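Below is a briefing on one structure, grouped by topic. The sequence and the model come first.

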Amino acid sequence: MTLIFSIILGIVIGVMITKYTVNQMMKPVHSETEATEYVANSEFTVQDDVFVNKSVSKRRAD
Amino acid sequence: MEFNPKTQNLKCPFCDTEMGLEEYKKQAGTDASADEKSSAKQPANPDEEIEGYNIYSCESCGGEIIAEEITGTATCPFCGNNIVVKEKFTGKNRPDYVLPFKFTQKEAKTKYKEYIRSKLKFLPNAFIDENHIDQIRGLYIPFWLYSADVTGEGSYKGDKIKTWKEGNVEFTETSHFDVTRKGNFSFSNIPVDASKEMPDDIMDTLEPFDLSEIKEFDMMYLAGFIANKYDVSDEEAYPRAEKRITNSTHAMLSDTLSSYNSTNTVFENIDIDKKKPDYALFPIWFLNTTWNGTQYLFAMNGQTGEFVGNLPCDKNKVTRYGVIVSLISIVLIYIVTSIFVGM
Ligand SMILES: [Zn+2]
């Protein structure tokens with residue numbers, strides 16, 4: 001029983017480690033989606049925060 | 001003469017004499033000998049041919065290369081097939097800017113060697129024996145540098161939530177706000193690669209390039225290197241820059257809403273005023289190897305040393321490795337579980 005368990009788990013771990021190591025053969029690449037480092041200037045002309053209303057709810061704290 | 005990345009001067013490969021770019025130009029300009037005159041390679045008008053330089057085109061992948069006149073056969077840096085002269089290099093193909101190489105070929109070779117050495121485990125022996133290292137080439141990749149003035153505006157519903165307790169009653173107060181934001185943002189020199197042959201994600205990964213070191217283009221920077229001519233037009237490449245501008249503008253607007261616990265966008269509008277992009281060459285140390293019909297490449301940022309690459313795997317080596325790792329795991333797990341079961 002212990003032996004069968006060890007063999008199954010051992011093979012699963014072996015495959016996982018091998019897959020991981022094979023993936024390391026490649027230096028991963030990615031695509032850039034932002035241009036934040038190329039912002040030369042930023043200036044906000046409008047920053048309005050207008051209060052509309054508020055609502056209060058209450059409940060029993062347990 | 002060849003451009004020396006270490007000193008940023010021109011160097012004679014035979015006698016090791018070095019000369020600054022300005023000095024060399026001056027000398028070439030005043031010297032009347034035909035050979036020296038051909039080295040003063042600044043075209044005055046778009047149609048003027050630049051002596052000693054050709055545009056080559058690859059018969060297989062269609063890539064176009066700007067290089068000094070090559071005697072004998074020359075090969076395409078992207079696919080390894082023969083390249084042939086297509087036309088003379090003229091002023092109209094001239095880039096606006098160039099980012100000079102800072103890493104030498106020797107340093108690029110060392111990087112590649114280290115990379116190979118760290119991956120020896122799975123590399124096919126025949127691949128190692130073939131030793132491709134001398135085929136690493138200094139290649140200028142064409143880029144469009146996009147600048148734009150952007151107006152971003154948006155209106156949002158924002159909620160601030162406060163909770164407190166009185167006795168055993170919990171109160172939740174939600175305050176509603178109408179939020180308006182408008183701002184002007186300017187982006188400068190977002191690079192988008194203009195080469196069909198060079199995969200976009202590879203060039204993205206090699207970012208950033210330090211544009212503070214960019215120089216007005218001068219043929220001298222090409223000495224000893226080859227350049228890929230752009231084959232993705234300004235309009236074709238622009239959507240990639242546009243997407244990055246839109247995302248970043250949205251992020252800057254969103255950043256100002258952080259004092260709210262939650263927000264909903266009512267509307268958001270991003271208006272981009274794109275300027276005419278500049279055409280620049282960026283330095284890449286490049287190696288493309290075809291192995292069993294698949295291409296593997298190594299590309300290093302010639303300015304920063306950052307690199308990407310992939311390498312072939314030997315199936316037998318992988319299988320052997322898998323079996324050994326599995327066996328070790330089995331033995332270890334068996335020992336550990338036996339100890340626990342025995343307790
Ligand atoms: Zn080719």
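**Cysteines**

Cys12(B) has a relative accessibility of 14% and therefore counts as buried (buried is under 20% relative accessible area, exposed over 50%, partly exposed in between, with a 1.4 Å probe and protein chains only). The structure is a predicted model in which local features need pLDDT of at least 70 and side-chain atom pairs count only at pLDDT 80 or more, while totals for chains, interfaces and linings use all residues. Residues are numbered from 1 along each chain as its sequence is written, chains are lettered from A and ligands numbered from 1 in the order in which they are written, and side-chain values use heavy atoms, with hydrogens and water left out.

- Cys58(B) is also a buried residue, at 4% relative accessibility.
- The closest cysteine sulfur to that of Cys12(B) belongs to Cys15(B), and at 3.5 Å it is too far for a bond.
- A disulfide is taken as a pair of cysteine sulfur atoms within 2.5 Å, and the count over all chains is 0.

**Interface of chain B and chain A**

- The two chains bury about 5,100 Å² between them, with 59% of that on carbon and sulfur atoms (buried area is the accessible area, 1.4 Å probe, that two parts lose on being put together, summed over both).
- Chain B puts 64 residues into the contact and chain A 53 residues (contact means heavy atoms within 4.5 Å).
- Between chain B and chain A, 27 residue pairs are in polar contact, both residues being at pLDDT 80 or more. A polar contact is a pair of N or O atoms within 3.5 Å; within protein, one must be able to donate a hydrogen and the other to accept it, and residues adjacent in sequence count only if both atoms are side-chain atoms.
- On the side of chain B that touches chain A, at least two residues each come from strand 10 (169-193), helix 5 (200-205), helix 6 (234-255), strand 16 (307-309) and helix 7 of chain B. Helices (H or I, at least four residues) and strands (E, at least two) are DSSP runs, numbered from the N terminus.
- Strand 10 of chain B gives the largest share of that side, 23 residues.
- The interface holds 3 salt bridges (a salt bridge is a side-chain nitrogen of Lys or Arg within 4 Å of a carboxyl oxygen of Asp or Glu).
- One salt bridge pairs Arg59(A) with Glu170(B), at 3.5 Å from N to O.
- Another pairs Asp49(A) with Arg181(B), at 3.2 Å from N to O. Asp49(A) sits in strand 1 (residues 39-60) of chain A and Arg181(B) in strand 10 of chain B, so this pair joins two chains.
- Asp49(A) is partly exposed, at 36% relative accessible area, whereas Arg181(B) is buried, at 3%.

**Salt bridges in the rest of the model**

- Over all chains the structure has 17 salt bridges.
- Glu173(B) forms a salt bridge with Lys162(B), with the closest N and O atoms 3.8 Å apart. Glu173(B) belongs to strand 10 of chain B and Lys162(B) to strand 9 (residues 137-166) of chain B, so the pair ties together parts that are 11 residues apart in sequence.
- Glu173(B) is buried, with a relative accessible area of 10%.
- Glu87(B) and Lys86(B) form a salt bridge, their closest N and O atoms being 3.3 Å apart. Glu87(B) is partly exposed at 26% relative accessibility, and Lys86(B) is partly exposed at 45%.
- A network of salt bridges links Glu64(B), Lys86(B), Glu87(B) and Lys229(B).

**Helix 7 of chain B**

- Helix 7 covers residues 315-342, has 28 residues, and reaches 40 Å from its first C-alpha to its last, close to the 40 Å expected at 1.5 Å a residue. The expected span is 1.5 Å times one less than the number of residues.
- Asp314(B) caps the N-terminal end of helix 7 of chain B, with a side-chain oxygen 2.9 Å from the backbone nitrogen of Asn316(B).
- The buried residues of this helix include Lys317(B), Gly322(B), Ser329(B) and Thr337(B).
- Helix 1 (2-23) of chain A and helix 4 (125-130) of chain B are what the buried residues of helix 7 of chain B pack against.

**Asn288(B)**

- Asn288(B) is in strand 14 (residues 278-291) of chain B and is buried, at 17% relative accessible area.
- The side chain of Asn288(B) makes a polar contact with the side chain of Gln295(B), at 3.2 Å.
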